[in-house]
Amino acid sequence: MKRIDNVINYLPKDIKNVIETHSDKDKITEIRLRINRPLEVKFRRSCCFIDKTIVTKTTIKEIMDKICNYSLYAYEDDIKRGFITVKGGNRVGICGKAVIENGHVTTLKNISSLNIRVANEIKGCGEQYIKYITDNNSICNTIIVSPPGCGKTTLLRDIIRLLSDGYGNRGFNISVIDERNEISATDLGSPENDVGMRTDVMINNKTEGIIMALRSMAPEIIAVDEIGSDKDINVLNKAITCGCKILASIHADNLEEYMQKDIRFFKRIIILSKKNGPGTLEGIYNERGEQIDA
């Protein structure tokens, strides 16, 4: 089943019919729903509004009920983080009124908008990068940098798969700490995405997940998506001192913005953009910001 077909199953009948009959259905990357406004559909290089399809409160409620298996309470921890990852690694972003208790968001109510992002698995997209990030019998600590929607997770996943399976080198034992379940799309313990035969997946927050993996799985490489907090950096430093190499991604518009974050332990920096569509390579750099793929 294609990822878009997994997404369609959560939609009300009228919207489901619109998506299923669209000529570019298989190119859809996002479906955005906002109460009292037209349905918005995004593709790799364009978007459109379906003016005849107006989203209502009932639309949002029906989708949320299906996503949460008719038990919003069971998904409360996901909802308060603002997203739910569903079958196939597809992610549903949620907007509404935040309920604050003791300075922390406890849930979202009066949900007004949903952004359904269709996951994308492109096997082979990481092959051109392997020679730049491997070093004899090991790898360089590597980070993939781009704005949102440029293919960071897709590329990270394929590099994990290639290194795990031994593409152009020996295979590595890899622990994926998949906080959002977007890398592996694990369902009942089984990854739906191909993350390689030597890869172990832990669905947990980065701080706890990395410590648990170090204690129990003896990884050679730890892979995480979308780092950024001081906690993330500190626990990755701990993993490095334990002898692990790191594969990661981070949000930044370009190399200059990334370098300002002053994260010192990544030896390879891959910059992506949407210039020629998601996944456009802008350059591969060393820790000093010098381009090495020119």
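Which residues is I19 in contact with, leaving aside its neighbours within four places in sequence? I19 is in contact with I4, I8, L11, K25, I28, I31, L39 and V41, where contact means heavy atoms within 4.5 Å.

## Before we start

This is a predicted model, in which local features need pLDDT of at least 70 and side-chain atom pairs count only at pLDDT 80 or more, while totals for chains, interfaces and linings use all residues. Residues are numbered from 1 along each chain as its sequence is written, and side-chain values use heavy atoms, with hydrogens and water left out.

Helices (H or I, at least four residues) and strands (E, at least two) are DSSP runs, numbered from the N terminus. Two strands pair if DSSP finds at least two bridges between them.

Let us begin with an open sheet of six strands, which has the order 3-2-1-6-5-4 and antiparallel pairing. Strand 3 (47-54) and strand 4 (83-85) are at its edges with a single partner strand each, so one side of each has no neighbour in the sheet. On average, neighbouring strands of this sheet are turned by 35 degrees against each other, direction ignored. For such angles, axes are lines fitted to C-alpha atoms, for helices over the stretch in contact, and the values run from 0 to 180 degrees between N-to-C directions.

Within this sheet, strand 1 (residues 28-34) and strand 2 (residues 38-43) run antiparallel and are joined by four bridges. R32 stands opposite E40 in strand 2. Helix 2 (residues 13-20) lies across strand 1, strand 2 and strand 3, at about 35 degrees to strand 2. Helix 3 (residues 57-67) also packs on the sheet, where it touches strand 1, strand 4, strand 5 (91-101) and strand 6 (104-117). The direction of helix 3 makes about 105 degrees with that of strand 6.

## Two nonpolar cores

I19 also belongs to the largest nonpolar core, which has 31 residues. I19, I31, L33, M64 and L114 are the residues with the most contacts inside this core. Helix 1 (3-8), helix 2, strand 1, strand 2, helix 3, strand 5 and strand 6 each supply at least two of its residues. A second, separate core has 27 residues, including V224, I246, I250 and Y285.

A nonpolar core here is a set of buried Ala, Val, Leu, Ile, Met, Phe, Trp, Tyr and Cys residues joined through side-chain atoms within 4.5 Å. Buried means under 20% relative accessible area, exposed over 50%, and partly exposed in between (1.4 Å probe, protein chains only).

Another open sheet is formed by seven strands in the order 13-10-14-15-9-16-17, with mixed pairing. Strand 13 and strand 17 (280-286) are its edge strands, each with a single partner, so one side of each is left without a neighbour in the sheet. The twist averages 15 degrees from one strand to the next.

Strand 14 has seven of its seven residues buried, so the rest of the structure largely encloses this strand. Strand 10 and strand 14 run parallel and are joined by four bridges; I174 has I221 as its bridge partner in strand 14, and I177 stands opposite V224. Strand 14 also pairs with strand 15 (residues 245-251) in the parallel sense, over five bridges, and there I222 has I246 as its partner.

The buried residues of helix 7 (residues 206-216) are K206, G209, I210, I211 and A213. What covers them includes strand 10 (174-177), strand 13 (199-202), strand 14 (221-227) and helix 8 (230-241). Just after helix 7, A218 takes a positive phi of about 50 degrees.

## A buried loop residue

Finally, have a look at N181, in the loop between strand 10 and strand 11 (186-187). N181 has 13% relative accessibility and therefore counts as buried. The side chain of N181 reaches the backbone nitrogen of T186 at 2.7 Å. Not counting residues up to four places away in sequence, N181 touches T85, G89, T186 and I203.

How values were computed. Polar contact = N/O pair within 3.5 Å; in protein donor to acceptor, adjacent residues only side chain to side chain.
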